[in-house]
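Got your viewer open and the cartoon showing? Let's walk through this one stop at a time, selecting as we go.

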Amino acid sequence: MAKNFDALADSVVELVGGKANISFLTHCVTRLRFNLKDRGLVNLEEIKKIPGVLGAQWSGDQLQVIIGQAVADAYEAVCKKAGLAKQAAVEENLDGDTPKGPRGVKGVVDAIFGGISGSLTPLIPALIGCGMIKVILIFLDMLHVPADNATYQLLSFAGDAGFYFLPILIGAFAAKKFGANMALGMVIGGLLVYPTFAAGVGAGTAYSFLGIPVYGATYSSTIFPIILSCAVMAPIEKFIAKHSPEILRSVLEPLLTILIMIPLALCALGPVGSFLGQYLSAGVLWLYNTIGFLGVALLAAVMPFVIMTGMHGAFVPYLMQMLTAEPYMEPIFFPALIISNINQGIAALAVAVKSKNTEVKSTGLSVGVTAVIAGVTEPAMYGVNLKYRTPMYGAMIGSAIGGCVAGLLKASIHAFAGASSVIALPLFASAEQPSNLLFMVLAVAVGAVATFAATWMLYKDEAK
């Protein structure tokens with residue numbers, strides 16, 4: 001049964017400065033994320049005290065209110081209380097302008113990551129669904145179901161659709177994020193993956209536009225070319241709209257925008273974005289091959305603090321690049337995240353088992369199960385592990401050990417995970433690497449045992 005968040009919504013809206021102070025509102029898996037016009041109106045300490053709020057913090061210029069796995073219900077209640085349209089709140093700025101963050105280098109970095117994240121986040125459900133269908137296909141391959149089976153083929157079409165046409169999907173949300181027309185963003189995305197163009201590039205055809213050579217690249221399943229294109233298209237479209245005669249604007253705005261974007265997308269921005277994606281993947285794989293298991297172990301150990309600061313969202317572009325194009329697998333972040341999340345729950349469960357206090361037992365059990373099964377770790381972190389400190393140390397020790405095992409065995413995930421917990425383990429199944437799933441299960445098991453043992457030794461039951 002869904003929890004009633006009306007009282008929470010009343011308090012949150014009031015303490016962030018009211019509806020008039022909200023310029024952008026969205027939510028992730030566990031947090032409400034506010035961009036506000038005047039952060040001086042926010043009463044952060046009082047927000048933390050609201051029943052149902054697990055914590056609140058600033059990440060850059062964004063206020064994050066930690067709710068837990070029921071965040072979607074809380075989000076709807078806040079939208080209702082503030083009179084915000086849900087669709088607008090999730091995908092676009094409520095004022096129609098990009099929220100202005102701090103200036104300088106930090107402001108530029110925040111703006112870049114904000115633009116990329118805002119373009120990709122709405123697509124995560126589609127990628128999860130398509131990714132899980134691909135996992136089903138992997139198991140069908142293991143069962144030797146023939147590839148020409150009609151059901152297999154249709155499942156394959158559905159699994160590939162979300163990835164192959166990714167530039168079109170991203171084009172809609174990237175255009176909206178940067179303030180351009182969504183339909184034009186989809187057109188540019190469609191241009192990049194147009195079948196005849198893709199086939200011509202594959203056959204070695206040398207295209208040009210008004211004598212300007214077009215770089216021969218295939219853009220299916222790419223993310224950076226369309227994001228760059230939409231970021232550049234937005235000011236171009238606004239300029240054309242501003243300087244077009246009102247009577248001709250409805251024709252000139254889309255026509256001129258597309259005509260200008262054809263050479264920009266195919267001759268400049270597309271190739272640059274393609275190189276960015278390729279070098280990002282190559283760079284991460286080089287780092288992985290250089291530092292190996294130590295990188296996975298270190299990231300697994302510090303992952304709770306990455307999550308606490310909200311910086312895990314900065315990894316989304318990297319994850320999508322790795323899982324939607326070559327090499328179609330990711331060996332560092334997701335293994336570390338899953339191991340860390342599970343061990344946050346294991347540490348809380350260890351406290352529940354060892355404590356003689358009924359309330360501590362109940363809390364540890366509930367938040368521990370939530371972290372292990374659902375991958376929602378904030379209740380365990382804030383309710384138990386950070387509260388008593390030593391369980392956090394135990395989780396970090398166990399996660400480092402589990403990360404070492406995953407890194408040494410080169411366990412890698414092969415599809416985008418919806419829940420970073422035991423539920424995500426089937427995504428490590430691979431027809432090409434049959435032992436990959438077993439290796440990850442082993443890493444998780446070793447890390448869990450180490451976490452439980454370390455927490456049991458470190459934690460002292462303070463409550464009588």
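Start by selecting Arg389, which sits in the loop between helix H17 (378-388) and helix H18 (390-408). Helices here are DSSP runs of H or I with at least four residues, strands are E runs of at least two, and both are numbered from the N terminus. Before going on, note that this is a predicted model, where local features need pLDDT of at least 70, side-chain atom pairs count only at pLDDT 80 or more, and totals for chains, interfaces and linings use all residues. Residues are numbered from 1 along each chain as its sequence is written, and side-chain values use heavy atoms, with hydrogens and water left out.

Back to Arg389: its phi is near 65°, a positive value in a residue other than glycine. Most residues other than glycine have a negative phi. Is Arg389 buried or exposed? At 52% relative accessibility, Arg389 counts as exposed. The cut-offs are under 20% relative accessible area for buried, over 50% for exposed, and partly exposed in between, with a 1.4 Å probe and protein chains only.

For another positive phi, jump to Leu210, at about 55° and not a glycine either. You'll find Leu210 in the loop between strand S5 (208-209) and strand S6 (212-213). Leu210 counts as exposed, with 79% relative accessibility.

Axes are lines fitted to C-alpha atoms, for helices over the stretch in contact, and angles run from 0 to 180 degrees between N-to-C directions. Show the side chains of Pro304, Ile307 and Met308 on H13, then Glu378, Met381, Tyr382 and Leu386 on H17, and you have the contact. Contact means heavy atoms within 4.5 Å. By class, that makes six nonpolar residues, no polar ones and one charged. Ala, Val, Leu, Ile, Met, Phe, Trp, Tyr, Cys and Pro count as nonpolar, Asp, Glu, Lys and Arg as charged, and the others, Gly among them, as polar.

Next stop: helix H12 (residues 249-291) and helix H14 (residues 316-324), whose axes come within 10 Å and cross at roughly 95°. H12 and H14 are therefore roughly perpendicular to each other. On the H12 side, pick out Gly277, Gln278, Leu280, Ser281, Val284 and Leu285; on the H14 side, Tyr318, Gln321 and Met322. This contact has five nonpolar, four polar and no charged residues.

How do helix H9 (residues 182-192) and helix H11 (residues 224-243) pack, and at what angle? They meet at about 140°, with axes 10 Å apart, and H9 and H11 are therefore oblique to each other. Look for Leu184, Gly185, Ile188, Gly189 and Leu192 of H9 against Pro225, Ile226, Ser229, Cys230, Met233 and Glu237 of H11.

Met233 is among the residues with the most contacts inside the largest nonpolar core, along with Leu120, Ile170, Met303, Met320, Ile413 and Met440. That core has 78 residues; a nonpolar core is a set of buried Ala, Val, Leu, Ile, Met, Phe, Trp, Tyr and Cys residues joined through side-chain atoms within 4.5 Å. A second, separate core of 29 residues includes Ile22, Val42, Ile50 and Leu63.

Now find Thr455 in helix H19 (residues 436-458). At 1% relative accessibility, Thr455 counts as buried. Beyond its neighbours within four places in sequence, Thr455 is in contact with Ala347, Ala350, Val351, Pro391, Gly394 and Ala395. Tyr459 is in the segment after H19, and Tyr459 is buried too, at 2% relative accessible area. With the neighbours within four places in sequence left aside, the contacts of Tyr459 include Val351, Tyr388 and Pro391.

Finish at helix H1 (residues 6-15), where the buried residues are Leu8, Ala9, Val12, Val13 and Leu15. These pack against strand S2 (31-36), helix H2 (44-48) and helix H3 (71-82). Just after H1, click on Gly17, which takes a positive phi of about 105°.

Conventions
Parallel < 35°, antiparallel > 145°, perpendicular 65-115°, else oblique.
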